[in-house]
Amino acid sequence: MGNDESPRHKTNLTDKVRRAIAQCILEGTFRPDQHLTEQELSAQFGVSRTPLREALRQLEIQGYLTRRQSVGYVVAH
């Protein structure tokens with residue numbers, strides 16, 4: 001019940017980090033064409049890579065990020 005790895009907990013973390021990254025993009029903290037690494041984002045937002053990866057996928061679908069082969073995610077224009 002208090003398990004931090006429960007699906008609901010991961011969803012909450014995913015939503016939290018997705019909103020935080022989107023806010024950074026909207027405020028200009030993350031600029032167009034800026035490369036975002038999982039390692040840096042994980043450390044910056046204090047989350048593991050599992051919810052971070054899901055948040056990045058959601059942001060790609062929403063048009064905030066573009067995934068580039070062998071580079072990772074970059075901020076969309």
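Let's start at Arg57. Arg57 makes a salt bridge with Glu54, and the closest N and O atoms sit 3.4 Å apart. This is a predicted model, so take every distance as computed from the prediction. Both residues belong to helix α3, which covers residues 49-61. Arg57 and Glu54 are three residues apart, about one turn of the helix. How accessible are the two partners? Arg57 is partly exposed, at 41% relative accessible area. Glu54 is partly exposed too, at 30%.

By the rule applied here, the count is four salt bridges. I'll walk through two others. As background, side chains of opposite charge can pair when their charged atoms come close.

Next, helix α1. Asp15 and Arg18 meet through their side chains in a salt bridge, 3.7 Å from N to O. Helix α1 spans residues 7-27 and holds both partners. They are three residues apart, again about one turn of the helix. Is Arg18 buried or exposed? Arg18 counts as buried, because its relative accessible area is 17% and the cut-off for buried is under 20%. Asp15, at 23%, is partly exposed.

Now the pair of Arg68 and Asp33. Their side chains form a salt bridge at 3.2 Å, N to O. Which parts of the chain does this pair link? Distant ones: Arg68 is in strand β2, residues 65-68, and Asp33 is in the loop between α1 and β1. The two are 35 residues apart. Arg68 has 38% relative accessibility, which counts as partly exposed. Asp33 is partly exposed as well, with 37%.

Back to α1, for Thr14. Thr14 is found in that helix. Thr14 is buried, with a relative accessible area of 6%. What does the side chain of Thr14 reach? The backbone oxygen of Pro51, at 3.5 Å. Leaving out residues up to four places away in sequence, Thr14 touches Pro51, Glu54, Ala55 and Gln58. Note Glu54 in that list. That is the salt-bridge partner of Arg57 we started with.

On to the core. In soluble globular proteins, nonpolar side chains tend to be buried together. Here the largest nonpolar core has 16 residues. Which residues have the most contacts inside it? Ile21, Phe30, Leu41, Leu52, Leu56 and Leu65. The elements giving two or more residues to this core are α1, α3 and β3, with β3 at residues 72-75. Helix α1 provides the largest share, five residues.

Take Leu65 as one case. Not counting residues up to four places away in sequence, its contacts include Ile25, Leu36, Leu56 and Leu59. Leu65 also touches Glu60, Tyr73, Val74, Val75 and Ala76.

Last, the whole chain. There are three helices and three strands. Along the sequence the pattern reads α-β-α-α-β-β. The chain has 77 residues, and 29% of them count as buried.

To recap. Thr14 in α1 touches Pro51, among others. And α1 gives the core its largest share.

Definitions and conventions. Residues numbered from 1 in each chain as written. Predicted model: local features only at pLDDT ≥ 70, side-chain atom pairs only at ≥ 80, totals over all residues. Heavy atoms only, no water. Helix = DSSP H or I, 4+ residues; strand = E, 2+ residues; numbered from the N terminus. Buried < 20%, exposed > 50% of the residue type's maximum accessible area, 1.4 Å probe, protein only. Polar contact = N/O pair within 3.5 Å; in protein donor to acceptor, adjacent residues only side chain to side chain. Contact = heavy atoms within 4.5 Å. Core = buried A, V, L, I, M, F, W, Y, C linked by side-chain atoms within 4.5 Å.
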